[in-house]
Amino acid sequence: MDHKKIKMMCEAAMLLALAQILGYLRIYEFPNGGSVDAATLPIILFAVRYGAGWGTLVGFAHGVLQYFLGNGIAIDWTTMIADYLVAYALLGLGAGLMKGKTNAMIKGTLLGGFLRFVAHFVVGAVVWGKWMPDTYFGMPMTNEWIYSFLYNAPYVVLCIIICIVLILLLKKPLKKYFEAEDLRAEN
């Protein structure tokens, strides 16, 4: 195995570990599993550095870790797969599609976060919607899609905002990593 692949695998392992730790540092936790934290930032960083394929794989691995080590909540196999494996794989895919672009970290956070939201939103309406409460945020709930949007949008949007704020704060000291300058220098 060559030096570049070993470096990439070590980076994936370190960033997955950091993501798991950040996942435990929840700012707020919604009932049934949604939480506000910065756990997705290391996954976005890896994906932006190595692209959509590797980003999808590391996002998927993050989903597995979040479910099994982060006290994941699922009511059946579809919610486990969609809310963890698919959602975080889509996060890595979306962020990875921004590799090499100007402001890739911000764009990757937005696209990856949006794709993650779509996964949560669909499974929220199709599966979790069967258990929606009669009222949510003081409003009567009669539509699963509206309930899923109202449940999932706040925590996913807050996670995206937290990541963007951290990216802006860390942009200068971590510029060469955010823009993958260190990887281009190796080529």
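1. Where is the place of T142? T142 sits in the loop between β4 (139–140) and α6. Helices here are DSSP runs of H or I with at least four residues, strands are runs of E with at least two, and both are numbered from the N terminus. T142 is exposed, with a relative accessible area of 72%. For accessibility, buried means under 20% relative accessible area, exposed over 50%, and partly exposed in between, with a 1.4 Å probe and protein chains only. From C-alpha to C-alpha, T142 and K130 are 11 Å apart in space and twelve residues apart in sequence.

2. On the basis of the values: this is a predicted model, in which local features need pLDDT of at least 70 and side-chain atom pairs count only at pLDDT 80 or more, while totals for chains, interfaces and linings use all residues. Residues are numbered from 1 along each chain as its sequence is written, and side-chain values use heavy atoms, with hydrogens and water left out.

3. Helices α1 and α2. Two packed helices are described by the angle between their axes and the distance between the axes. The axes of α1 and α2 come within 8 Å and cross at roughly 160°; axes are lines fitted to C-alpha atoms, for helices over the stretch in contact, and angles run from 0 to 180 degrees between N-to-C directions. α1 and α2 are therefore roughly antiparallel to each other. The angle classes are roughly parallel under 35 degrees, roughly antiparallel over 145, roughly perpendicular from 65 to 115, and oblique for the rest. On the α1 side, K7, M8, E11, A12, L15, L16, L18, A19 and L22 meet P42, I43, L45, F46, R49 and Y50 of α2, where contact means heavy atoms within 4.5 Å. By class, this contact has twelve nonpolar, no polar and three charged residues. Ala, Val, Leu, Ile, Met, Phe, Trp, Tyr, Cys and Pro count as nonpolar, Asp, Glu, Lys and Arg as charged, and the others, Gly among them, as polar.

4. Helices α2 and α3. The axes of this pair come within 7 Å and cross at roughly 160°. That makes α2 roughly antiparallel to α3. Their crossing is right-handed, meaning that the near helix is turned clockwise from the far one by less than a right angle (left-handed if anticlockwise). I43, F46, A47 and Y50 in α2 meet A52, W54, G55, V58, G59 and H62 in α3. The contact of α2 with α3 divides into seven nonpolar, three polar and no charged residues.

5. Helices α1 and α3. Helix α1 (residues 3–24) and helix α3 (residues 52–69) have axes that come within 10 Å and cross at roughly 40°. That makes α1 oblique to α3. The crossing of α1 past α3 is right-handed. M8, A12, L16, A19, Q20, G23 and Y24 in α1 meet W54, V58, A61, H62, L65, Q66 and L69 in α3.

6. Which residues touch the most other members of the largest nonpolar core? They are I43, I44, F46, V48, V58 and M105, in a core of 27 residues. A nonpolar core is a set of buried Ala, Val, Leu, Ile, Met, Phe, Trp, Tyr and Cys residues joined through side-chain atoms within 4.5 Å. Each of α1, α2 (40–50), α3, α4 (77–96), α5 (104–126) and α6 (144–170) supplies at least two residues of this core. The largest share, eight residues, comes from α2. Apart from this core lies another, of 17 residues, among them L150, Y155, V156 and I160.

7. F46 and Q66. Leaving aside neighbours within four places in sequence, F46 is in contact with M8, E11, A12, L15, G51, W54, G55 and V58. Q66 lies in helix α3 and is buried, with a relative accessible area of 7%. Not counting residues up to four places away in sequence, Q66 touches A19, Q20, G23, N71, G72, Y84 and Y88.

8. Backbone points to check. N103, in the loop between α4 and α5, has a positive phi of about 55° although it is not a glycine. At 43% relative accessibility, N103 counts as partly exposed. F137 also has a positive phi of about 55° and is not a glycine. F137 is found in the loop between β3 (135–136) and β4 and is exposed, with a relative accessible area of 54%.
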